[in-house]
Amino acid sequence: MTNKESITYRELLDWGASFLKQYNVEETVARWLLFERLDWTLTNFVRQSEQVVEAGVRQQFEQDIKQAATHYPPQYIVGHEWFMDCAFKVTEATLIPRPETEAWFSQYIGQLPHRSLTVVDVGTGSGVLAICHKLARPQDTVWAVDISEAALAVARENATNLGAEVQFLCGDLLKPFIESNEDREVDLIVSNPPYIGAEEWADMDQSVREFEPKQALFAADQGLALYRQLAKQSVQLLPKSGQLIVEIGFRQGEAVQEIMQASFPHRIVSIEQDINGLDRVVHVK
């Protein structure tokens, strides 16, 4: 960083973007970090870009940029990511929510019947699906399950901070819910499970590969193992009117569709695309 005693916000941002570029990190990360730290919009920046940066802000930004240059995810640096206009705490125990997940959530949440539903989010991570469902539909009973106690601690904190009454369980897929609710039927099961096969390791972004939780990313059988388990478990819970929605890898559409169709032979099982036109969801209706 320049040794100038005073520097403007524009100069600071230009330095940050240039620094990241040297380490093959997207230059837009610099703006995101600055705006998130200051709770700024682009309008705020335009209005104050020529003002002198306070020493504390400058020191924090320089620290953030140097950490981001190691490919450490910026969401972990500031400690949150946005999902459905809510700031969710994220840590290395949780995956970082993606826009593709937000897109399919937005689609299904608006198509549900008005009556009260029982919903289970399997592999909840930071809790985005369960919590945003409860915020959008407070009449529903929402459960969230994860195998990681560390992830559930983050999800519980997010639920408290956002005022969402969600019931959390720790365990493998639907097993803890089945064990604690023997006679309960479920109207909707949603899941963004681990679905990356080990053979895809080399294709992954460095920041994901090195820092996001592998337990939440990888699954056996070319990423299909947990879909097979989830399909078998879901049959025990879903009534004829129940739905199952799972996120998938963009190459897995037909394989996951076949798995679900085998467990639900009399249901419509469809593949739905994301905002980029890639297979993203398998929906049992």
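Strands here are DSSP runs of E with at least two residues, numbered from the N terminus. The model you are looking at is predicted.

**Exercise 1.** Find which residues of strand S2 lie on its covered face and which on its uncovered face, then work out how S2 pairs with S1.

*Solution.* In S2 (residues 86-89), Cys86 and Phe88 make up the covered face, while Ala87 and Lys89 make up the uncovered one. Next, turn to the partner: strand S1 (residues 80-83) pairs with S2 in the antiparallel sense over 4 bridges. Phe83, for example, has Cys86 as its bridge partner in S2.

**Exercise 2.** Decide whether Ser270 is buried or exposed, and list its surroundings.

*Solution.* First locate Ser270 in strand S8 (residues 269-273). Its relative accessibility is 15%, and the cut-off for buried is under 20%, so Ser270 counts as buried. Its side chain makes a polar contact with the side chain of Glu272 (3.5 Å). Beyond four places in sequence, Ser270 touches Gln257, Val281, Val282, His283 and Lys285.

**Exercise 3.** Which residues have the most contacts inside the largest nonpolar core?

*Solution.* That core has 34 residues, and the ones to pick are Tyr227, Val246 and Met260. Helix H12 (225-235) is among the elements supplying at least two residues; its 4 residues are the largest share. Now check Tyr227: its contacts beyond four places in sequence include Val246 and Met260.

Methods:
Residues numbered from 1 in each chain as written. Predicted model: local features only at pLDDT ≥ 70, side-chain atom pairs only at ≥ 80, totals over all residues. Heavy atoms only, no water. Buried < 20%, exposed > 50% of the residue type's maximum accessible area, 1.4 Å probe, protein only. Polar contact = N/O pair within 3.5 Å; in protein donor to acceptor, adjacent residues only side chain to side chain. Contact = heavy atoms within 4.5 Å. Core = buried A, V, L, I, M, F, W, Y, C linked by side-chain atoms within 4.5 Å. Pairing = 2+ DSSP bridges.
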